[in-house]
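Hi everyone, thanks for making time.

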Amino acid sequence: MDRSRPLLALLAATALAVPGLTALSSAARAVDADVLTNGGFESGLSGWTCSASSGTTVNSPVHSGSSALQATPAGSDDAQCAQTVSVQPNSQYTLAGYVRGSYIYLGASGTGTTDVSTWTQSAPDWQKLSTTFTTGPSTTKVTVYTHGWYGTGAYDADDLSLTGPGGGGGTTQPPAVPAGLTASSVTSSSVALSWSAVSGATGYAVYRDGVKVQSASGTSATVTGLTASTAYSFQVTAVNDAGESAKSAAVVVTTSTGGTGGDPGGGSAGLPAHALVGYLHASFANGSGYTRLADVPDSWDVIDLAFAEPTSPTSGDVEFTRCPVTDCPNAESDADFKAAIKAKQAAGKKVLISIGGQNGQVQLTTTAARDAFVSSVEKIIDTYGLDGLDIDFEGHSLSLDTSDTDFKNPTTPVIVNLISALKTLKAKYGAKFVLTMAPETFFVQNGYQYYGTGKWGGQDPRCGAYLPVIYALRDDLTLLHVQDYNSGPVMGLDNQYHSMGGADFHIAMTDMLLTGFPVAGDPNNVFPPLRPDQVAIGMPASTNAGNGYVAPSEVTKTLDCLTKKTDCGSYTTHGTWPDLRGLMTWSINWDRYANWEFQKTFDGYFG
C-alpha cells in the first residue's frame, strides 16, 4: 500500500499520453449535443461542485458571456470543480473548454474505458483545451472536472462543453425547490435538518449561510462542526442530472451552549469535556501483568474491558470469559469485579465491553448471526451492568463485496447486519448507552484513496470498510478512536503520505476525521466530518504496547495543533477543535507497566 506521490513532471507526461480516438461519423454528429449543464457559468456554480469551497464565479476575466469560473488551489487542495452528467454507453464524446492561468487540467473520470485529461502549464490568456473519450458498454454517467495544482495561483475556466449523444431519457429540467425545511436535535455543535421529498430529484445539497456544506441522498442531513451559541441560516436545494433547483426558504437555528453532557443521539453520554479512554486486559494475561478494575486510577473516564470474543467467526455468539486465576493469579472474584464496576460508575466513569480485538474475528454474515450477536451482547451487558459497547473489529471481520461501492448505502451482509445489530442495541438501552469504535487506519482514513475492491477490482476489499458503519451510526456514536498505531503510511488531506512515529501522523489522521474527505478521491462522495466531541486519538501507551509509540512531547504537540492550531509543524489543519474529546490508549495495563506515563501526559495537559 506504500505508494509515493508522483512527481509533477511524471503527472504531466501521463496527462499528455492520451491515445487518439476515432472521429465521430457525420451520422453520429447529427444527434450530438452539449450534455454539460451551465458550462459557461452564467448561472453561478449551479450544477458544479468545487472542493473545499475553492470556486466562485467572476465577471472578469471571461471568455464569453458575463461570467466565468475562478478557483484557487491551496497547499492541500487542487481546487477541483466537477459535474456528473448522463451519457450513452459505447459512445464517443469530446470535452473542451477555455482556461487561463498555470497548471490547469481538464478531464473526465468514470468513463468505463480510459479516463482522460489534458492540461496546460501556462496560459496567460484564454487557451482552448480539448480531449476525447469513448464510454464503456455499461457507462451511463461520467464526471467532468477541471482543477489547478496545489499551492499555485487562481485559475479561470469558461465555456466548458461535453459534446456527444445525450443521456437518453434523462431529465431535462432541474427539480423544484424543496419545501418544509425544519431543524431538530440542535446541540452545541450540530443541527439535524429534514425536508420534503421533491419529485425527480436524485439528491440534495445543504447550504449554511449561503455556502454549500453537504450533499444528501435522502431528505435529511446532520450538519456538524458548528460553534456553540451561534446563529446559522440553513437552506437546501434539489439536484438531478439537469442541474440544481433554487435554494429553499431559510431556517435560522441557534446552537445550544457548550457543556459536558445532554446531547441527543450519540452525544457525550455523560462524559467529561475531555476524556481519557483505556483498555483493561480483563480476559487474558500478557507481559504487562493483570490490573484489578478497582486499582485503575480515577483519571480513566472510559474503561473498555478487553475482550469478548465470538464462539466462531460467523456464529454471532460472543462470550466474555474473565482471565482465569491460573493465568492471572491476582484476579479478583466475580463479585469483587462487579462491585468495582458499580464503584467506577458511581464515580462517573463508564465501563464498556469491547468486542473483537486482534484475535476475535466477528463476521455477521447472516441475520441469524446478527440476532445471536444482539442477544449475546445484551446478556454480557446485563450480567455485569455495563454502560455500553466498544467495537474493535480487526483483521478480516469487515470487508466489502465487489459490488458494494457506496459507503452511504452499503449492501454487504457483514456491514448491513452489524449496523442493524448496533442500532437495535442502541434502541434497547437508550440515550445513555455508550457506543465506541476502535478501527485501524486501514479501515477508515485509507478510504481517502481506496474503497473496497475499487472501480476496476484488485484492491483489498477491507479498504475503508468501517466507513459505512461509522456513517450509518454517526448520530448514535459516542466516540470514534481510530488506532493510530500498527499502521502503514497513510495519505492525508495534503495528498502526502504520513508515517507513525511523531505528532505529524496523529495530526493528519485526526484532521481527516474532523474535516471529512472524498472517498476514493470522488468529490461527489464525501465522508462528512464527525463532531470533535465524538473523536479521541488512539495511541499506544508505551513501546511495549504497539508500533507507533510517541513520547509525551509529541502527544502534547498533537493536542496543541488540533485544539489551538499551534506547534503544527509542516501540516496545515483544516480547522481548530478545542472540543476534541481526548485520548485513547492500548492499554491501561501497559501504561501501568510504564509507570503511568500516558495517564500523566493526559492529566498534565487537560488538568
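Let me start with one term: a residue is called buried here if its relative accessible area is under 20%. And please keep in mind that this is a predicted model.

Now to the rings. A pair of aromatic rings is described by the distance of the centres and the angle of the planes. How many aromatic pairs does the count come to? The answer is 27 aromatic pairs. Take F41 and W48: their centres are 5.2 Å apart, with 35° between the planes, and the pair is tilted. F41 and W48 are both buried.

Then there is Y93 with F133. Why is this pair stacked? The centres lie 5.8 Å apart and the planes are at 20°, and since planes under 30 degrees apart count as stacked, the pair gets that label. What I like here is where the partners come from. Y93 belongs to strand β6, residues 92-109, while F133 belongs to strand β7, residues 116-134.

R322 lies over the face of F337, 4.3 Å from the ring centre. The charged end of K428 sits over the ring of Y429, at 5.4 Å from its centre.

Those last two residues bring us to the helices, as K428 and Y429 are among the α5 residues that touch α4. Helix α4 covers residues 367-384 and helix α5 covers residues 413-429; they pack at about 35°, and their axes are 9 Å apart. The crossing is right-handed. On the α4 side, the contact includes F373, V374, V377 and I381. Which classes make up this contact? It has eight nonpolar, four polar and four charged residues.

My last stop is helix α7, residues 503-515, against helix α8, residues 552-564. Their angle is about 35°, and the axes are 8 Å apart. This crossing is right-handed. From α7, the residues in contact are A503, H506, I507, T510 and D511, and they meet E554, K557, T558, C561 and L562 of α8. By class, that contact has four nonpolar, three polar and three charged residues.

That's my tour, and I'm happy to go back to any part of it.

Methods. Residues are numbered from 1 along each chain as its sequence is written. This is a predicted model: local features need pLDDT of at least 70, side-chain atom pairs count only at pLDDT 80 or more; totals for chains, interfaces and linings use all residues. Side-chain values use heavy atoms; hydrogens and water are left out. Rings of Phe, Tyr and Trp (its six-membered ring) pair if their centres lie within 6.5 Å; planes under 30 degrees apart count as stacked, over 60 as edge-to-face and the rest as tilted. Buried means under 20% relative accessible area, exposed over 50%, partly exposed in between (1.4 Å probe, protein chains only). Helices (H or I, at least four residues) and strands (E, at least two) are DSSP runs, numbered from the N terminus. A charge sits over a ring if NZ of Lys or CZ of Arg is within 6 Å of the ring centre and within 35 degrees of the ring normal. Axes are lines fitted to C-alpha atoms, for helices over the stretch in contact, and angles run from 0 to 180 degrees between N-to-C directions. A crossing is left-handed if the near helix is turned anticlockwise from the far one by less than a right angle, and right-handed if clockwise. Contact means heavy atoms within 4.5 Å. Ala, Val, Leu, Ile, Met, Phe, Trp, Tyr, Cys and Pro count as nonpolar, Asp, Glu, Lys and Arg as charged, and the others, Gly among them, as polar.
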